[in-house]
Structures are given as structure tokens and as C-alpha cells.
Amino acid sequence: KLPLLIVGTILVGSASVGWAQGPFSIIPFAESELFFEENTTDGDLGLHFKVDGDGWDRVILVNGHFESLVDVRLGGKLGSVIGLTELFSESAEPSFDEMPREDFLALFPPGPYYFFGRTLDGSWLVGFTMLTHHLPGAVELVSPEEEAEVSPDENLVIQWKTLVAPNAPNNAIEFYEIVAERDEDEGLHQVFSIIMPATATSVSVPAEFLEAGTDYKVEIIAQETSGNRSAVESPFSTEE
């Protein structure tokens with residue numbers, strides 16, 4: 001729960017003091033998430049966030065020092081009549097050659113972060129999340145091997161090795177998300193996606209998903225208790 005004192009501090013310190021005019025109610029966001037995702041294959045890192053709640057026309061995200069990171073304001077009929085409910089976005093992901101991992105993480109210190117939204121009727125939406133620098137390590141993909149050519153007539157077995165959380169036993173791997181997708185340049189963009197428990201080490205993709213002579217990519221994402229993620233990718237193709 002977000003303390004009312006925090007809301008009052010933001011109201012007083014906000015550049016848009018009009019938010020605080022008149023009576024208002026405070027409604028919690030149904031979802032408020034902020035997390036890092038590292039692509040260990042490409043060597044880059046991004047910051048992702050998601051909020052979901054009653055229809056709103058503005059959302060801001062601030063860190064524990066009440067410094068603004070994101071300020072989204074809706075215009076037109078969408079902002080004045082309808083509003084948005086869910087918003088998901090992710091930062092650009094500079095390579096570690098452009099911005100070393102430590103420098104990227106330093107931009108977003110661990111600690112509390114707060115979401116504030118304004119509904120169309122003037123109520124406040126509030127959300128709270130904790131950001132950490134605990135990122136899962138690189139998932140080791142066992143099969144299919146990189147650039148492997150597999151039969152389109154048989155189920156594809158994707159295998160990986162489980163990870164230990166970076167600060168166990170306080171944190172743990174929550175689940176793995178496995179995604180197999182057809183190369184976007186190959187026509188229809190087909191995606192197979194499934195969430196597997198932290199103890200799982202394999203999953204089968206049905207042969208019905210595969211087409212002969214087609215390029216695909218498999219991605220395995222590990223999510224840690226704090227919400228941070230790491231992803232590994234590998235291309236494969238099917239035989240003619």
C-alpha cells in the first residue's frame with residue numbers, strides 16, 4: 001500500500017499542482033511493475049514498466065527521490081473522453097559496447113518507485129514497486145543448437161539448464177518463458193509461447209507449428225522473484 005504521505009508529497013512537489021485541486025479519491029493500480037531485462041545473447045539491457053488500472057489521462061513514474069522518469073499525457077478524444085487503462089513500454093537497449101552494464105544500472109538505483117495516474121473523473125491512481133539489481137544469469141540453451149536444422153514433421157524439444165537466483169536463498173527463479181517464433185521476413189508471424197515452472201528443463205513445440213524450409217528463433221526468458229529477467233536467443237531452421 002502507498003502511504004498517503006507519499007501521495008501528499010507528490011501533490012505538493014508536482015509541477016502540475018492542478019492535480020491536487022478539489023476533493024479526490026485514491027485508487028490503487030491493478031498492476032504496477034518495473035523491471036530490467038537483459039539479453040545475454042546480444043549483450044544489452046533494458047528497463048520495462050507496466051501499469052494497469054481505471055481509465056486515465058496521465059501517468060507518471062518517479063523514483064524514491066521523487067525524480068520523474070516517465071510522464072505520459074493523453075491528448076485528443078482518447079485523453080478527454082475514453083482514457084487508457086493499460087500501458088506497457090520498454091526503454092531502448094544500448095549494447096554494452098555503447099553503455100556498459102554497470103552504467104545502465106546506475107541510472108536506475110535499487111529501491112522504491114511510484115506510479116501516479118489521474119483518472120478522467122479526477123481521482124488518483126497510485127502504485128508502488130521495488131526495483132532491484134538482482135538479475136538472473138545467462139540461461140544455457142541445450143537444444144536446439146544454434147543454426148540447427150530440425151525436422152518439421154516431429155515435435156521440437158527445447159531444452160535448457162535451470163538457473164540459481166543471483167542472491168539465493170532470499171530470491172528465486174519464478175518461472176521460464178519459452179518462445180519460438182517464425183522469422184518475420186518469412187511471411188505470417190507465428191509465435192509459440194508458454195510459461196514453465198522454475199523446475200522445468202524442457203518443453204515440446206508441436207510439429208503443427210513448424211513449416212518445412214523455414215527460419216525460426218527460440219528465446220528462453222528467466223524471471224527472478226524481483227521481476228527482473230534475462231533472455232537468451234538462438235536461431236534454427238526446418239528441413240525442406
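Author: Accessible areas are computed here by the Shrake-Rupley method with a 1.4 Å probe, and for residues only the protein chains shown count as cover. On that basis the protein exposes about 12300 Å², of which carbon and sulfur atoms supply 51%. The model is predicted, so that local features need pLDDT of at least 70 and side-chain atom pairs count only at pLDDT 80 or more, while totals for chains, interfaces and linings use all residues. Residues are numbered from 1 along each chain as its sequence is written, and side-chain values use heavy atoms, with hydrogens and water left out.

Of the 240 residues in the protein, 46% are buried. A residue is termed buried at under 20% relative accessible area, exposed at over 50%, and partly exposed in between (1.4 Å probe, protein chains only). Where contacts join residues at least 6 apart in sequence, 64% of them connect residues at least 24 apart, contact being defined as heavy atoms within 4.5 Å.

The salt bridges may now be taken up. The term denotes a side-chain nitrogen of Lys or Arg within 4 Å of a carboxyl oxygen of Asp or Glu, and by this rule the count comes to 12 salt bridges. One of them joins arginine 229 to glutamate 37, with the closest N and O atoms 3.9 Å apart. Since arginine 229 belongs to strand E15 (residues 229–238) and glutamate 37 to strand E2 (residues 31–39), this pair ties together parts that are 192 residues apart in sequence. Arginine 229 is buried because its relative accessible area is 15%, and glutamate 37 counts as buried at 13%.

Arginine 229 also forms a salt bridge with glutamate 177, in which the closest N and O atoms are 3.3 Å apart. Here again distant parts of the chain are linked: glutamate 177 is in strand E11 (residues 173–182), 52 residues apart from arginine 229 in strand E15. With a relative accessibility of 16%, glutamate 177 counts as buried. Elsewhere, salt bridges that share partners unite Glu31, Lys50 and Glu86 in one network.

Another pair is that of arginine 118 and aspartate 57, whose side chains meet in a salt bridge of 3.0 Å from N to O. Arginine 118 is in strand E6 (residues 111–119) and aspartate 57 in strand E3 (residues 44–63), so that distant parts of the chain, 61 residues apart, are linked. Arginine 118 counts as partly exposed at 27% relative accessibility, whereas aspartate 57, at 15%, counts as buried.

Patches are made of residues with over 30% relative accessible area and no salt bridge, like charges being joined within 9 Å and nonpolar side chains (Val, Leu, Ile, Met, Phe, Trp, Tyr) within 5 Å. For charges, Lys and Arg count as positive and Asp and Glu as negative, with His and the chain ends not counted; the place of a charge is NZ of Lys, CZ of Arg, CG of Asp or CD of Glu. Glu149, Asp153, Glu154, Glu239 and Glu240 form a negative patch. Aspartate 153 is located in the loop between strand E9 (148–150) and strand E10 (156–161), and its relative accessibility of 68% makes it exposed. Its C-alpha atom is 8.3 Å from that of alanine 212, a residue 59 places away along the chain.

A nonpolar patch of about 290 Å² consists of Leu78, Val81 and Ile82. Leucine 78, in helix H2 (residues 76–82), is partly exposed at 40% relative accessibility. Leu78 is among the contacts of leucine 84 beyond four places in sequence, which also include Asp54, Gly55, Trp56 and Leu74. Leucine 84 lies in strand E5 (residues 84–90) and counts as partly exposed at 23% relative accessibility.

Some features of the backbone complete the account. Most residues other than glycine have a negative phi, and most peptide bonds are trans. The bond from serine 143 to proline 144, however, is cis, with omega near 0°. Glutamate 147 has a positive phi, near 65°; it is placed in the loop between E8 and E9.

Terms used
Helices (H or I, at least four residues) and strands (E, at least two) are DSSP runs, numbered from the N terminus.
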